[in-house]
Amino acid sequence: MTAERTIRDRTAIVGVGATPYYKRGRSSPQTLDEMVGKAILAALDDAGLKPADVDGFAYFAGGFDTPMLTEMLGIPEIRFTATLTGTGGGSAGAVGLAAAAIVSGQADVVVVVGGNQMDALRFGAITASYPATPENAFFGATGLVGPGHMFALLARRHMALYGTTRDHFAEVALAIRENAVTNPRAVMHGRPLTREDYFAAPMIADPHCLYDFCLETDGAIAVIVTTAERARDLRQKPVSVLACAHGGARDWGRSIYWMNMPDAVFASSGHGIVAQRLYEQAGIGPQDVDGAQIYDHFSSQVILQLEDYGFCPRGEGGPFVGSGAIRRDGALPINTDGGQLSCGYVWGMTHVREAVEQLRGTAINQLPDPEVMLVTGGPSVLPVSGLLLRKS
Amino acid sequence: MDDRIAKAPPSGMALTANAWTAPFWDAAARHELLFPRCAECGRFRMPPTPFCPHCQAQGLDWVEPAGEAFLYSYTVVERAVIPGIEDSLPYVPAIVEFPAADGVRLITNIVGSPLGAIAVGTPVTLHWHDLPEGGALPVFSV
């Protein structure tokens with residue numbers, strides 16, 4: 001029976017907790033562990049659960065120190081602790097890792113947590129901080145210092161192949177900023193962005209200007225995942241984990257560190273094959289998605305993901321956003337909290353938080369009664385990930 | 001047209017090699033561009049790795065790619081993300097494709113060309129950028 005081999009609707013997100021989103025460096029003197037602890041405790045409180053109820057951790061992007069967290073928070077026993085490989089591409093997928101642990105009976109209450117504190121290390125230059133290796137010799141010596149440089153190469157290729165323009169990138173930045181302006185949690189709350197501002201901004205790595213880059217933020221966000229049955233008895237209206245997929249094709253692989261992806265895949269987000277599996281698992285298609293939280297480390301990559309998730313044909317992502325589709329009153333409202341471009345960058349976890357709040361009906365920029373929300377993690381090296389959540 | 005000239009990339013990154021990648025960098029130091037080609041199925045791959053992704057064989061021939069190379073994509077870096085590279089601005093990280101060598105691509109730089117002349121699809125010419133710490137990088141002009 002295939003039904004036995006799916007996580008569809010068998011788990012739910014029952015709690016969400018977060019620290020404020022701080023501009024880079026402004027979270028001190030808090031430590032990163034402390035912020036992670038605050039997010040977890042807030043998420044448990046939101047759910048009506050206690051640290052003693054937690055028995056699992058599911059992470060991504062290197063994860064956190066589980067023994068330290070159990071010691072610090074007084075969690076008596078851990079039965080599952082695991083991390084997806086890779087980087088921010090696993091943010092949406094970590095919820096699926098938690099669901100896998102729960103559906104397979106290994107744990108009952110699993111914490112998914114992400115956080116970052118950029119005191120010493122700016123993510124914008126993260127690649128330059130990696131030690132020299134035989135692998136990075138093939139790109140590091142060219143002065144590709146950060147992901148913004150590398151994704152600019154994909155964006156440029158997309159422009160050359162399909163006629164995508166900087167106007168399209170601007171529309172992504174402006175649409176998402178508009179959502180941040182009305183969100184008091186957002187770093188860019190109350191700070192509108194105009195087209196004139198966008199085109200007057202310094203060019204950092206052509207075609208990416210300042211406003212095509214996400215924010216650098218300190219903060220932590222945790223969500224609590226448990227069985228669908230237990231979720232019904234908890235404090236909040238549960239948000240069902242409809243489907244979750246992570247991975248990617250060999251043709252994507254190390255992507256920005258490889259740059260030998262076949263032409264059809266190069267100017268994409270690497271999500272295509274994952275998106276297909278996600279929809280199959282959920283038994284729905286892109287037309288059933290009411291809103292999306294798209295991993296927006298760079299505005300250009302939002303357009304490529306919209307294509308990979310089937311909201312428009314390949315190459316038409318530019319005109320699609322140009323039509324106003326991603327605005328709050330458009331066909332597919334995205335990044336309704338202001339995204340990583342204008343609200344806060346917490347390794348993709350802001351997107352999970354916002355999707356949950358939209359489906360609970362408690363979001364700050366609430367959409368009219370959404371049923372299904374998409375969350376993406378990545379583009380980055382494999383794995384990239386997608387998550388479909390639905391109102392219970 | 002933007003007639004600013006693309007500069008060489010900032011130096012400082014050590015070129016670390018292993019048994020599989022050393023032949024590439026050893027040849028580069030002699031100003032020779034050699035790509036690894038599977039000794040069994042004859043397909044090129046870049047960068048060099050211990051197995052052919054098509055037939056999983058390990059043997060390699062090191063071969064000079066035939067034919068023209070073309071600019072596949074590029075970015076113009078105009079701001080210093082890390083301090084100390086201001087004098088290198090603007091520089092142009094680029095991807096160059098070799099259609100006659102199974103379309104393998106090199107992550108490289110466009111150097112010495114006016115920014116306004118750089119465009120995707122343009123044929124490129126190989127040059128060598130000697131590093132102060134020894135070794136050389138293949139770079140290209142349009």
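**View 1. B:Lys7 is partly exposed, with a relative accessible area of 37%.** Here buried means under 20% relative accessible area, exposed over 50%, and partly exposed in between, using a 1.4 Å probe and protein chains only. The model is predicted, so local features need pLDDT of at least 70 and side-chain atom pairs count only at pLDDT 80 or more, while totals for chains, interfaces and linings use all residues. Residues are numbered from 1 along each chain as its sequence is written, chains are lettered from A and ligands numbered from 1 in the order in which they are written, and side-chain values use heavy atoms, with hydrogens and water left out.

You will find B:Lys7 in the segment before α1 of chain B. Not counting residues up to four places away in sequence, B:Lys7 touches B:Asp87, B:Ser88, B:Leu89, B:Pro90, B:Tyr91, B:Val92, B:Ile110 and B:Val111; contact means heavy atoms within 4.5 Å. B:Ile82 lies 75 residues from B:Lys7 along the chain, and their C-alpha atoms are separated by 17 Å.

**View 2. Chain B has one helix and eight strands.** Helices (H or I, at least four residues) and strands (E, at least two) are DSSP runs, numbered from the N terminus. Along the sequence the order is α-β-β-β-β-β-β-β-β. The C-alpha trace of chain B spans about 45 × 30 × 25 Å along its principal axes. Of the 142 residues in chain B, 44% are buried. Among contacts in chain B with a separation of 6 or more, 59% join residues 24 or more positions apart.

**View 3. The largest cavity holds about 80 Å³ of space.** A search of the whole structure finds four cavities of 30 Å³ or more. On a 1 Å grid over the protein atoms alone, a cavity is a set of points where a 1.4 Å probe fits but cannot get out, a pocket is an open set with protein on both sides within 12 Å along at least five of seven lines, and lining residues have an atom within 4 Å of a point. Grid points are joined across faces, edges and corners, and a volume is the space filled by probe spheres set on the points.

The lining of the largest cavity includes A:Phe138, B:Trp25 and B:Leu137. β6(B) gives the most to this lining, with four residues. By class, the lining has nine nonpolar, three polar and no charged residues; Ala, Val, Leu, Ile, Met, Phe, Trp, Tyr, Cys and Pro count as nonpolar, Asp, Glu, Lys and Arg as charged, and the others, Gly among them, as polar.

**View 4. The second largest cavity holds about 70 Å³ of space.** Among its lining residues are A:Glu135, A:Arg254, A:Tyr257, B:Pro47 and B:Arg105. Here β6(B) gives the most, with three residues. The lining divides into eight nonpolar, one polar and three charged residues.

**View 5. The second largest pocket has about 490 Å³ of space.** Of the 23 residues that line this pocket, A:Arg250, A:Trp258, A:Asn260, B:Met46 and B:Pro53 lie nearest its centre. The pocket lining has nine nonpolar, five polar and nine charged residues.
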